[in-house]
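Welcome! Please take a moment to look over the sequence and the fold before reading on.

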Amino acid sequence: MIKSIEDKGVGGIVRVRFAPSPTGDLHVGGVRTALFNYLYARHTDGRFLLRIEDTDRERSTPEAVQVILDGLAWLGLDPDEEIVYQSRRMELHRAAALELLERGGAYRCFCAPEELTGRREEARRQGRPYKYDRRCLHLPPEEVNSRLDEGRPYAVRLKVPEGEIRFQDGVHGEIRVSGEEIEDFVLLRRDGSPTYMLAVVVDDADMGITHIIRGDDHISNTPKQILLYRALDRPQPEFAHVPLILGTDKKRLSKRHGATSITHYREAGYLPETMINCLGLLGWSPGDDRNVINRQELTQLFDISGIQSSGAVFDEAKLQWLSGQYISGTEYASVSGELGRFAEMAASEGRLEAIPPPEQIETAWNLMRSRIHLLSDLFDRGLYMFRDPDTYEPKGVRKYFSGENI
């Protein structure tokens, strides 16, 4: 439960963001993070922004970006401003690192990667934790200039100040970390590329982000980021770290639990409102035991105070039940396009001889929607609505097909 967090929706405008990396599918964990940010923005009359963190040149692909955009569009989680692409802002990140060098809040590190690896291995052999020893911080200015004249490559490290870092997390309460536990971490690599830690702080500050709602696997990053906000003299946002999603075995949700990609759930025949309902109640509660809640109600009721501090279980069986609740109340007109897509699929796979006319699909839908859980079920469990059966169950034939008038 929330301990303390400033609601800037009163005196200012709440600005939140979803910042996925396009390195694969958009999973339900990421979608829930996006949804919580979206709901908080809508609840406070704020702004919901999208930033694509595509700086991993080897793994980030245009196709993966499109998967993210398509998934969010299907769910109706549309950003309020132009999409920000992190890879297009690298000069801004470098400028921030140079600003810190000028201020004395950062310094050049000429240590080669193999040197650092050797020191790390030596620390491991001695059974002690490794922490950068700051040897380049203490280089005389003339030595630094000499190495620069020689063209020696260098990284830029933050000079971590002494003292304790405290912040109030909207879910976990007050968190304290000693500055002695944090090494002088790298801001710019030797090739001049910015690290994640620098890029995310610079981007959030530049985008005017007021609240960062993200997974609690980022808690360990937060003290470092707070130090960067302070060093750059940028306003520090409020933080709320959401617990991870678990499988039914109470372990972190992964592919071993089945599909976790939002694309899969769309292709399987779930409605977007079903996913919004399910993920909206996954780790958040409106204060009662309801299982069915629509988007409008979620928007009206959502607040960070309802986010639970323990992991939430994603149950596929419950999702299917919920899907049935939504499908039974859905009119044909709102799903005709998706049903047409599933009809085409059934025809292409040979389960149907041809695509049924819309009026036949509508008739079947009205007869079947209270008895199915997925849109695709209409052309699976309800296939008999569109084609004659290939065989009959022998016992049924003897019982029902034996009359004189049959």
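**A guided walk through the model**

Thr-222 counts as buried because its relative accessibility is 0%; buried means under 20% relative accessible area, exposed over 50% and partly exposed in between, with a 1.4 Å probe and protein chains only. This is a predicted model, in which local features need pLDDT of at least 70 and side-chain atom pairs count only at pLDDT 80 or more, while totals for chains, interfaces and linings use all residues. Residues are numbered from 1 along each chain as its sequence is written, and side-chain values use heavy atoms, with hydrogens and water left out.

You will find Thr-222 in helix 7, residues 222-231; helices (H or I, at least four residues) and strands (E, at least two) are DSSP runs, numbered from the N terminus. The side chain of Thr-222 makes a polar contact of 2.9 Å with that of Arg-214. Such a contact is a pair of N or O atoms within 3.5 Å; within protein, one must be able to donate a hydrogen and the other to accept it, and residues adjacent in sequence count only if both atoms are side-chain atoms. Leaving aside residues up to four places away in sequence, Thr-222 touches Phe-167, Arg-214, Phe-239 and His-241, where contact means heavy atoms within 4.5 Å.

Three strands form an open sheet in the order 1-2-3, with parallel pairing; two strands pair if DSSP finds at least two bridges between them. Strand 1 (15-18) and strand 3 (84-85) stand at the edges with a single partner strand each, so one side of each has no neighbour in the sheet. Strand 2 (residues 47-52) is joined to strand 3 by two bridges, and Ile-52 stands opposite Tyr-85 in strand 3.

Now turn to a pair of helices. Helix 1 (residues 28-43) and helix 9 pack at about 85°, their axes 10 Å apart; axes are lines fitted to C-alpha atoms, for helices over the stretch in contact, and angles run from 0 to 180 degrees between N-to-C directions. Helix 1 and helix 9 are therefore roughly perpendicular to each other, a label for angles of 65 to 115 degrees. Val-28, Val-31, Arg-32, Leu-35 and Phe-36 in helix 1 meet Ile-276, Leu-279 and Gly-280 in helix 9.

Finally, find Tyr-270 in the loop between helix 8 (262-268) and helix 9 (272-280). Tyr-270 counts as buried because its relative accessibility is 3%. Its contacts include Trp-74, Glu-316 and Leu-374.

Key. Angles under 35 degrees count as roughly parallel, over 145 as roughly antiparallel, 65 to 115 as roughly perpendicular and the rest as oblique.
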